[in-house]
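This briefing sets out selected features of one structure, grouped by topic. Please read it beside the sequence and the coordinates.

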Amino acid sequence: MAATTHYDTIEIEPVGGSIGAVIHGVDLGAPLSNRQAEEVHAAFLSNSVVFFRDQDLVDPERQKRAARLFGEPVAIPFVKSLDGHPEIIDIVKEPEDIGKYNFGGNWHTDTTFLETPALGSLLYALEVPPRGGDTLFADQYAAYETLSDGMKRMLDGMTALHTGARSYGSQSKFQGGKNQSVSMTIDANEDGDKLVEHPVVRTHPETGRKGLFVNPNYTLRFADMTEAESKPILDFLYTHAIRDEFICRFRWQKGSVAVWDNRCLMHRAVNDYEGHRRHVRRVTLQGDRPH
Ligand SMILES: O=C(O)CCC(=O)C(=O)O
Ligand SMILES: [Fe+2]
């Protein structure tokens, strides 16, 4: 549950019952006072995902500067970046991308196929469809806290293997340019087949709270179980992790910004705007090794 904190320099408008808040009174394109930067960061940690309206971050350098309020911009593998800006990716679905997948369209946590998955991302909306194209976020602190004591005991101390293989590996659905949307380039290759091990229950390095840290895109199995043994438990966790009470749904406008904490959330981009263009631009933030 988001902490009710008093802020002096910003206003907070809660979005979901458990996570998400719009922050009013901030121009992310301009330098913030120390006090305002501290309050924005505190609101980010206590709400897990924060939103801003009517921002001008069209200049990629300004977007990166805004992102530095939350972390250090970092390049990610497999997805083509913006020319001259390795830390930025353009996420685009074109009107002619009929029947095509949308980037981030399944529930996931970003880049958990890396040893150091992203801390989070700052996403900026350049063009939005007339309706649809919302992004959903699911509170993984709440997902963990609402498990039974027995399930918590079992999962605490377990680890899971993660891989980018299904999206980015040598056998991926995008291999050889297949299934890609018109304006995005995914370079699937053998590097995507690697396995990395992460705790199933992660302790957030800044809040100290525990959250569930498995996701259907990248988690393969528990480290000391087979895929068949892992599957029923993982399936249960994935269903539990996206209960309505844990969800915050964000309706984009041109100029909206979302900054999410990838250490305690899953998210998903809804694919319900066929025939329209949606263009959002992401700065990914460097994360640490999950514990
Ligand atoms: O397009 C979106 O709303 C989110 C896509 C996504 O999953 C991401 O940028 O990490
Ligand atoms: Fe994502």
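How many salt bridges does the structure hold? The structure holds 22 of them, a salt bridge being a side-chain nitrogen of Lys or Arg within 4 Å of a carboxyl oxygen of Asp or Glu. The model is predicted, so local features need pLDDT of at least 70 and side-chain atom pairs count only at pLDDT 80 or more, whereas totals for chains, interfaces and linings use all residues. Residues are numbered from 1 along each chain as its sequence is written, chains are lettered from A and ligands numbered from 1 in the order in which they are written, and side-chain values use heavy atoms, with hydrogens and water left out.

**Helix 6**

- Helices (H or I, at least four residues) and strands (E, at least two) are DSSP runs, numbered from the N terminus.
- Helix 6 covers residues 227-241, and its 15 residues should span 21 Å at 1.5 Å a residue; the end C-alpha atoms are 20 Å apart, which agrees. The expected span is 1.5 Å times one less than the number of residues.
- A bend of about 25° occurs in helix 6 at I233; the bend is the angle between axes fitted to the seven residues ending there and the seven starting there.
- The buried residues of helix 6 are S230, I233, L234, L237, Y238, H240 and A241.
- Among the elements against which these buried residues pack are helix 3 (140-145), helix 4 (149-155) and strand 14 (265-269). Contact here means heavy atoms within 4.5 Å.

**Salt bridges**

- In helix 1 (residues 34-47), E39 and R35 lie 4 residues apart, about one turn of the helix. Their side chains meet in a salt bridge of 2.9 Å, N to O.
- An α-helix has 3.6 residues a turn, so residues three or four places apart point the same way.
- E39 is buried because its relative accessible area is 3%, whereas R35, at 39%, counts as partly exposed.
- A network of salt bridges links D8, R35, E38 and E39.
- R202 and D288 form a salt bridge in which the closest N and O atoms are 2.9 Å apart. This pair links distant parts of the chain: D288 is in the segment after strand 15 (278-285) and R202 in strand 9 (residues 201-203), 86 residues apart.
- R202 is buried at a relative accessible area of 1%, while D288 is partly exposed at 32%.
- E72 and R68 also form a salt bridge, with their closest N and O atoms 3.6 Å apart. E72 is partly exposed at 45%, and R68 is partly exposed at 42%.

**T284**

- T284 is in strand 15 and is buried, with a relative accessible area of 2%.
- Beyond residues up to four places away in sequence, T284 touches several residues, including E72, E87 and S121.
- The side chains of T284 and R282 are joined by a polar contact of 3.0 Å. A polar contact is a pair of N or O atoms within 3.5 Å; within protein, one must be able to donate a hydrogen and the other to accept it, and residues adjacent in sequence count only if both atoms are side-chain atoms.

**Loop residues**

- Most residues other than glycine have a negative phi.
- S48, in the loop between helix 1 and strand 3 (49-52), has a positive phi near 70°. S48 is buried at 1% relative accessible area.
- F78, in the loop between helix 2 and strand 4, has a positive phi near 80°. F78 counts as buried at 11% relative accessibility.
- H85 is also found in the loop between helix 2 (60-67) and strand 4, and counts as buried at 12% relative accessibility.
- Leaving aside neighbours within four places in sequence, H85 is in contact with P60, E61 and K64.

Terms used: Buried < 20%, exposed > 50% of the residue type's maximum accessible area, 1.4 Å probe, protein only.
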